[in-house]
Every structure is written in C-alpha cells, then in structure tokens.
Amino acid sequence: MVSLCASAQVGEYRHVFSVGASGGYVLNRLTLQPSLPQKMHGGTTFGIVGRYTSEKYFSTLCAIQMEVNMTQLGWNEDIVTYNNTPVVNPITGEEEKYRRDMTYVQIPIFAHLSWGKERNGVCGFVNLGPQIGFMLSEKTDKNYEIPFTEVNFPDTYTRSTGRVSTIVAQETMPVENKFDYGIALGAGIEASIKHIGRFALEARYYYGLGNIYGDSKRDFFGQSSHGTIFIKLAYLYDLQRH
C-alpha cells in the first residue's frame, strides 16, 4: 500500500503579506420602495489595505484582502416636473435641490484572485466578498422647506410645485439603521515594480442588503438600501515575502 501512495501538491506555497493605502471616488444611489427619482450621489473614499497571499493554484494567485475605509454615501434627489424640467420654489425662485450625505466606516473582506505577472509586471485581478459598514454622521443640503401639513399630504405640496414625485417622507427622516452590510465585487489591474511596490486600479460595485430605514409593514419604505460604484487606486508594499 505504501509503495502505491504518492504525495503531491497542486498549489505552490506563498507567504506574502502586503499593506498599503487606497483612495478614490464613489457614485451612490439609494434603492427605495416606493421609488424616488435620483441623480448619482458623488463622494470620496480612502483607507488602509492589508493582503495575505498564500498560494498559487495553477496560474491563479490566491489571497485574502481586508480594508478599512471612510466612505461618503447618500442620495441626490432629481426634483423635476412632469415636463422633466427642474422644479422652481414658488417663494425663493430657486431650483429645488435635496442631497443627503452620510459618512460610513466600511470593512470589506475579499477573496483576491489574480492572473499574470506575480512580480515586476502587470496582472489582472478580481475581488469578491462581504462588506459591513457603520454610519458615523449624516447631514442634509436643501434649499426649501415643506410645510408640516403637506408632509402628511404630499399630493398637496407636489401639485403646488409641479413635482412629478409625491415621495417626500425621507426628507425629514433620520437614518434608523446605522449598521450596513452587503456584497462587493471588483475587478482591475495591478502593476508590480521591484523595490517600489504595487499599484492597483480597480472598479468595484457594492450591493447593499441592509436597509437604512425600517422595513416592516407599518414603515413607509419596504426597501432602502445602498448601491455603490467605486473607482479606486491603491498602493501596497510587500512587508514579508517567502
């Protein structure tokens, strides 16, 4: 029996620990039910990155990557009339605008898979894994006030201003659920330069599974989750390599 047994390892052992920093731009929308007309909400993200590469399996480098980021999310309402023209406030004469900014700490944990030059070259990669977040603060930027009675009867307000949407409840509602969670998927390219480090450019999408507002039958919104596009640039340096 012993003479017929053989031991083989398909994967090639790696022990590379890299750390660095990342930053970029994010575009966010809040998925609401009932729905709300929106423009993309722009913000920034920056944070620290850690990656441990453990194995090369055939042509695939396998690693786990963790980040801690500060990210600006929110939503930007598209306040228009039925003719698709901006709504003008009858009192101030200004185009009505509403924007909610929310600052989150986000922690994604990724399976990081890459193909190409391991050192001194270029490779492509994908990131996939769960992400959690916690809202630190929120603020509102708007240039009008909705009378209290018309918040309860939004049709009254929308008829007077010509708004296409009667959804105004969110404008006076603070975030109820500060904890957020979801799934993120990214893809990009990475260049490794000897004695300098690694530079990575990535496009990423985050699909939020948690709601910022209550979603029971007695709550106004059945869904209120984030959907985020990230464009990120990262720099990493190999602290340990075997």
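Mentor: In this predicted model, the largest pocket is lined by Arg-119, Asn-120, Ser-192, Ile-193, Lys-194, His-195, Ile-196, Gly-197, Arg-198, Tyr-237, Asp-238 and Arg-241. Its volume is about 220 Å³. By class, the lining of this pocket holds 3 nonpolar, 4 polar and 5 charged residues. Three strands each supply at least two residues of the lining: S7 (179-193), S8 (197-208) and S9 (223-241). Strand S9 gives the most, with 3 residues.

Asn-120 sits in the loop between S5 and S6. Its phi is near 55 degrees, a positive value in a residue other than glycine. Asn-120 counts as partly exposed because its relative accessibility is 47%, which falls between the 20% limit for buried and the 50% limit for exposed. Phe-58 also has a phi near 55 degrees, again a positive value in a residue other than glycine. Phe-58 belongs to the loop between S3 and S4. With a relative accessible area of 60%, Phe-58 is exposed.

A search of the whole structure finds 4 cavities of 30 Å³ or more. The largest cavity has a volume of about 130 Å³. Its lining consists of 14 residues, and those nearest its centre are Arg-51, Thr-53, Leu-61, Ser-114 and Arg-198. Strands S1, S3 (41-57), S4 and S5 each supply at least two residues of the lining of the largest cavity. S4 contributes the largest share, 3 residues. The lining of the largest cavity is made up of 5 nonpolar, 4 polar and 5 charged residues.

The second largest cavity holds about 90 Å³ of space. Its lining has 15 residues, of which Gln-65, Glu-67, Ala-200, Glu-202 and Ala-234 are the closest to its centre. At least two lining residues come from each of S3, S4, S6 (121-142), S8 and S9. The largest share, 4 residues, comes from S9. The lining of the second largest cavity divides into 6 nonpolar, 4 polar and 5 charged residues.

Ser-114 counts as buried because its relative accessibility is 7%, and the limit for buried is under 20%. Apart from its neighbours within four places in sequence, Ser-114 is in contact with Ser-59, Thr-60, Leu-61, Cys-123, Gly-124 and Phe-125. The C-alpha atoms of Ser-114 and Gly-124 are separated by 5.5 Å, with the two residues 10 apart along the chain.

Leu-233 is in strand S9. Leaving out residues up to four places away in sequence, Leu-233 touches Ala-21, Ser-22, Gly-23, Ala-200 and Leu-201. Among these, Ala-200 is one of the residues closest to the centre of the second largest cavity. Leu-233 and Gly-188 are 45 residues apart along the chain, and their C-alpha atoms are separated by 9.7 Å.

The structure holds 0 disulfides. Cys-62 is in no disulfide, and the nearest cysteine sulfur, that of Cys-123, is 13 Å away. Cys-123 is buried, with a relative accessible area of 9%.

Tyr-213 touches Trp-75, Arg-100, Gln-170, Met-173, Pro-174, Val-175, Glu-176, Asn-177, Phe-221 and Ser-224, not counting residues up to four places away in sequence.

One backbone detail remains. The peptide bond from Gln-33 to Pro-34 is cis, with omega near 5 degrees. Pro-34 lies in the loop between S1 and strand S2 (38-39).

Terms used. Residues numbered from 1 in each chain as written. Predicted model: local features only at pLDDT ≥ 70, side-chain atom pairs only at ≥ 80, totals over all residues. Heavy atoms only, no water. 1 Å grid on protein atoms, 1.4 Å probe; cavity = no way out; pocket = protein on both sides within 12 Å on 5 of 7 lines; lining within 4 Å. Points joined across faces, edges and corners; volume = space filled by probe spheres on them. Nonpolar A, V, L, I, M, F, W, Y, C, P; charged D, E, K, R; others polar. Contact = heavy atoms within 4.5 Å. Disulfide = S-S within 2.5 Å. Buried < 20%, exposed > 50% of the residue type's maximum accessible area, 1.4 Å probe, protein only.
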